[in-house]
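User: Hey, I'm new to this one. Can you walk me through it?

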Amino acid sequence: MTAETLHTERLQGMPNPALMRLGNGREFEMQDYEKAAQQFAIEITAAKLDVQCVFVPFSQSRNKAEKSPSLNWLCTVTRDGRPIAGLDSVEYMQGIGHAPSHKFAPKFSDGRLDKATQREAESIESETGKIAKHRGVMGGLAYASIKAIDAPKADDVLQSLFRDADAIDYPEFEQWADDCGFDSDSRTGEAIYRQCLKIALALRASVGEKAFVSLRALAGEM
């Protein structure tokens, strides 16, 4: 895990590279990933876990200093409908690849991508949480519609949190920092470590040791 992946969806929902075989004519091996995802969904349902997300404008998010915009959310993890202590205000970021205007980019009448309008639309979506529209096929200004962008799925948020929970395996920050690519003197890194540890302890206290171990293992395969 790195700072960039903390509470962050993998770009475009791609699985862990360790579960894929790439290049030289070889195909992705998705079977294990799909089985893990299905079992993860079953187990979070059995544990009565859910997530509610509220959109956070990019300019007000922790990522506002980044060059590229992103979709940001403040999430509350619940068990049996009740917020879990320590998980009632979790920051979660989706890369701009999840923005509707990135997936369904505006084009000119000749089929060329209208990059300027796309960038404007992505900026609008990351700031308003509304799906951006654009005026006509000849390009033009984008504007926010009244339709909200879909919030992240509970499965995706929880997968990220259970991956972050790996911090519980490290009794000391220095060990975690070494494995995760942080300087052992980094205050930012230590703050992330402590946040991950807090998440791990809250999840374990909520679902119990057995479910915690199983969900962590499944999340690690995804």
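User: Which exposed residues does the face of helix 5 turned away from its buried side carry?
Analyst: That face carries Asp 178 and Asp 179. One thing to keep in mind as we go: this is a predicted model.

User: And which residues in helix 5 are buried?
Analyst: Phe 173, Trp 176, Ala 177 and Cys 180 are the buried ones. Looking down the axis of helix 5, you'd find these buried residues within an arc of 100 degrees, so they line one face of the helix.

User: Which residues gather with Glu 174 in a patch on the surface?
Analyst: Glu 172, Asp 183 and Asp 185 gather there with Glu 174, and the patch is one of negative charge.

User: Changing topic: how many salt bridges does the structure hold?
Analyst: There are 6 salt bridges. Among them is the one where the side chains of Asp 110 and Arg 112 meet, at 2.7 Å from N to O.

User: Which residue does Arg 216 meet in a salt bridge?
Analyst: Arg 216 pairs with Asp 166, at 3.0 Å from N to O. This pair links distant parts of the chain, with the two residues 50 residues apart. Arg 216 is in helix 7 (residues 209-220), while Asp 166 is in the loop between helix 4 (154-164) and helix 5.

User: Is Arg 216 buried or exposed?
Analyst: Arg 216 is buried, since its relative accessible area is 16% and buried means under 20%.

User: OK, and what does Glu 209 form a salt bridge with?
Analyst: With Arg 204, where the closest N and O atoms are 3.9 Å apart. Both ends are partly exposed: Glu 209 has 46% relative accessibility, and Arg 204 has a relative accessible area of 33%.

User: Which residues do salt bridges that share partners join into one network?
Analyst: That network is made of Asp 166, Asp 169 and Arg 216.

Key: Residues are numbered from 1 along each chain as its sequence is written. This is a predicted model: local features need pLDDT of at least 70, side-chain atom pairs count only at pLDDT 80 or more; totals for chains, interfaces and linings use all residues. Side-chain values use heavy atoms; hydrogens and water are left out. Patches are made of residues with over 30% relative accessible area and no salt bridge: like charges are joined within 9 Å, nonpolar side chains (Val, Leu, Ile, Met, Phe, Trp, Tyr) within 5 Å. Accessible areas come from the Shrake-Rupley method with a 1.4 Å probe; for residues, only the protein chains shown count as cover. A salt bridge is a side-chain nitrogen of Lys or Arg within 4 Å of a carboxyl oxygen of Asp or Glu. Lys and Arg count as positive and Asp and Glu as negative; His and the chain ends are not counted. The place of a charge is taken as NZ of Lys, CZ of Arg, CG of Asp or CD of Glu. Buried means under 20% relative accessible area, exposed over 50%, partly exposed in between (1.4 Å probe, protein chains only). Helices (H or I, at least four residues) and strands (E, at least two) are DSSP runs, numbered from the N terminus. The arc is that of the directions from the helix axis to the C-beta atoms.
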